[in-house]
Amino acid sequence: MTASKSRKNTFPKIAWMRLIISILLCQTAGVIGSLSTFPAIGTWYATLNKPVFNPPSWVFGPAWLTLYTLMGIAFYLVWQKSKEVEYSNISATVFLIHLIFNASWSIVFFGMHNIGLALVIIILMWIMILTLIFLFWRSSRIAAYLLIPYILWVTFASILNYSILILN
């Protein structure tokens with residue numbers, strides 16, 4: 001058996017179109033949210049009292065770009081198993097709803113300047129991410145692991161959101 005034949009048997013075939021769609025879907029949620037975020041960074045957000053642990057603004061772009069990519073790969077892995085796993089339709093539905101919450105957080109926080117409602121949204125989003133980790137685990141453990149940096153970041157963002165609410 002040649003090395004290429006054994007590699008074909010070992011590595012699953014990548015459905016590139018599904019992978020691209022999955023990543024672009026997640027990145028689109030980020031773009032939608034950024035339409036409210038960018039105009040507010042130097043104006044409204046700059047005037048808020050923030051906790052000492054607030055990261056510099058330049059950290060958020062690369063962090064979210066990375067997280068949206070990981071989310072897209074995770075979604076792709078679950079999508080690939082959709083015919084094999086009983087809960088994959090539920091997983092996909094929760095994932096898509098969660099993306100709506102993800103984009104809406106930026107619109108509510110930065111666009112509407114409603115820090116309290118944004119806190120409610122991010123807490124609901126955190127619950128959905130935790131649910132997704134459990135749902136994705138049934139389809140792909142790798143997909144579940146790929147969501148761990150995301151839930152950690154959203155945990156931090158929730159604490160930051162709460163702190164800004166208290167300080168303002």
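Ser36 touches Ser106, Ile107, Phe110 and Gly111, leaving out residues up to four places away in sequence. Ser36 itself sits in helix α2. Its relative accessibility is 17%, so Ser36 counts as buried, because the cut-off for buried is under 20%. In sequence, Ser36 and Trp105 are 69 residues apart. In space, their C-alpha atoms are 9.8 Å apart. All of this is read from a predicted model.

Now step back to the whole chain. The protein chain has eight helices and zero strands. From the N terminus on, its elements run α-α-α-α-α-α-α-α. Of its 168 residues, 40% count as buried.

Next comes the interior. In soluble globular proteins, nonpolar side chains tend to be buried together. Here the largest nonpolar core has 43 residues. Trp44, Met71, Phe95, Phe109, Phe136, Leu147 and Tyr150 touch the most other members. Several helices supply at least two residues each: α2 (16-41), α3 (44-47), α4 (60-80), α5 (88-111), α6 (115-139), α7 (141-146) and α8 (148-167). The most comes from α6, which gives eleven residues.

Setting aside neighbours within four places in sequence, Met71 is in contact with Cys26, Phe95, His98, Leu99, Leu147 and Tyr150.

Tyr150 leads on to α8. This helix has 20 residues. From first C-alpha to last, α8 reaches 29 Å, close to the 28 Å expected at 1.5 Å a residue. Its buried residues are Tyr150, Ile151, Trp153, Val154, Ala157, Ser158, Leu160, Asn161, Ser163 and Ile164. An α-helix has 3.6 residues a turn, so residues three or four places apart point the same way.

Which residues lie nearest the centre of the largest pocket? They are Thr37, Phe60, Gly61, Trp64 and Ser106. Ser106 is also one of the residues that Ser36 touches. In total, 28 residues line the pocket, and about 630 Å³ of space lies in it. The helices α2, α4, α5, α6 and α8 each give two or more residues to the lining. Helix α2 gives the most, with nine residues. By class, the lining has 18 nonpolar, ten polar and no charged residues.

Methods. Residues numbered from 1 in each chain as written. Predicted model: local features only at pLDDT ≥ 70, side-chain atom pairs only at ≥ 80, totals over all residues. Heavy atoms only, no water. Core = buried A, V, L, I, M, F, W, Y, C linked by side-chain atoms within 4.5 Å. Buried < 20%, exposed > 50% of the residue type's maximum accessible area, 1.4 Å probe, protein only. Helix = DSSP H or I, 4+ residues; strand = E, 2+ residues; numbered from the N terminus. Contact = heavy atoms within 4.5 Å. 1 Å grid on protein atoms, 1.4 Å probe; cavity = no way out; pocket = protein on both sides within 12 Å on 5 of 7 lines; lining within 4 Å. Points joined across faces, edges and corners; volume = space filled by probe spheres on them. Nonpolar A, V, L, I, M, F, W, Y, C, P; charged D, E, K, R; others polar. Expected span 1.5 Å × (residues − 1).
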